Amino acid sequence: MRHPSLIRLSHDHHHGLALALRCRKQALGQLKPTGAQGLKQRAEEVRNFVGVNLRPHFQAEEELVFPHMRDLVSESQPLIEELLKEHEWIRDGADRLQESSSLAKLLFDLGDLLERHIRREERELFPLFESRVTPAEAEKLKVEIEKILAGRDRK
Ligand SMILES: [Fe+2]
Ligand SMILES: [Fe+2]
């Protein structure tokens with residue numbers, strides 16, 4: 001069971017994994033419509049998901065979860081550095097979808113990156129968080145995360 005403070009983020013991860021799989025399938029021509037039309041549709045879906053869901057999600061992680069983890073578990077520093085780099089790559093990749101001439105490759109790579117990123121957070125970072133955070137800290141964090149994510153609920 002995910003800790004209540006992380007449930008909203010895990011929910012995004014769940015959707016992100018499904019989208020990552022669709023990206024790879026689309027790139028391999030396994031989803032209809034195939035060809036340029038399907039690639040364009042998938043690229044649009046990714047840009048929308050990153051813009052609406054992942055930007056605030058990344059913000060919540062970068063401003064709240066990561067700094068908290070850094071204070072709590074100093075050994076988590078290298079992992080957090082990697083995760084931050086991946087956030088940049090995902091944001092860059094989504095921006096490049098607009099003008100890319102090799103959409104299939106970009107979608108495949110982005111799907112692959114997104115899946116790896118999410119699995120690292122779910123398998124490494126979140127369990128570490130759950131094993132070290134106190135109930136009071138977690139409750140505070142939950143409220144702060146809700147505040148950041150609340151903006152997108154109104155859209
Ligand atoms: Fe992340
Ligand atoms: Fe995440």
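The site of the iron ion (ligand 1) is irregular, with angles of 87 to 176° among its 4 donor atoms. The structure is a predicted model.

**Iron ion (ligand 1)**
- The iron ion (ligand 1) is coordinated by Glu61 (OE), His87 (NE2), His117 (NE2) and Glu121 (OE), at 2.0 to 2.2 Å.
- Along the chain, these donors of the iron ion (ligand 1) follow the spacing E-x25-H-x29-H-x3-E.

**Iron ion (ligand 2)**
- The donors to the iron ion (ligand 2) are His13 (NE2), His57 (NE2), Glu61 (OE) and Glu121 (OE), at 2.0 to 2.2 Å.
- The site of the iron ion (ligand 2) is irregular, and the angles among its 4 donor atoms run from 83 to 173°.
- The donor residues of the iron ion (ligand 2) are spaced H-x43-H-x3-E-x59-E in sequence.
- Because His13 belongs to helix H1 (residues 7-27) and Glu121 to helix H4 (residues 103-132), the pair ties together parts that are 108 residues apart in sequence.
- His13 and Glu121 are both buried.

**Helix H3**
- Helix H3 (residues 77-96) has 20 residues and reaches 29 Å from its first C-alpha to its last, close to the 28 Å expected at 1.5 Å a residue.
- Its buried residues are Leu79, Ile80, Leu83, Glu86, His87, Ile90, Arg91, Gly93 and Ala94.
- These residues cover an arc of only 160° around the axis, so they lie on the same side of H3.
- Helix H2 (35-72) and H4 are among the elements that cover the buried residues of H3.
- His87, one of these buried residues, also coordinates the iron ion (ligand 1) through NE2.

**Helix H5**
- The end C-alpha atoms of helix H5 (residues 135-153) are 26 Å apart, which agrees with the 27 Å that its 19 residues should span at 1.5 Å a residue.
- H5 bends by about 30° at Lys147.
- Ala138, Leu141, Ile145, Ile148, Leu149 and Arg152 are buried in H5.
- The cover over the buried residues of H5 includes H1, H2 and H4.

Terms used:
Residues numbered from 1 in each chain as written. Chains lettered and ligands numbered in written order. Predicted model: local features only at pLDDT ≥ 70, side-chain atom pairs only at ≥ 80, totals over all residues. Heavy atoms only, no water. Donors = N, O, S within 2.8 Å, 3.2 Å for Na, K, Ca; no water. Tetrahedral: all angles 85-135°; square planar, octahedral: opposite > 155°, others 65-115°. Helix = DSSP H or I, 4+ residues; strand = E, 2+ residues; numbered from the N terminus. Buried < 20%, exposed > 50% of the residue type's maximum accessible area, 1.4 Å probe, protein only. Expected span 1.5 Å × (residues − 1). Arc of directions from axis to C-beta. Contact = heavy atoms within 4.5 Å. Bend = angle between axes of the 7 residues up to and from the residue.
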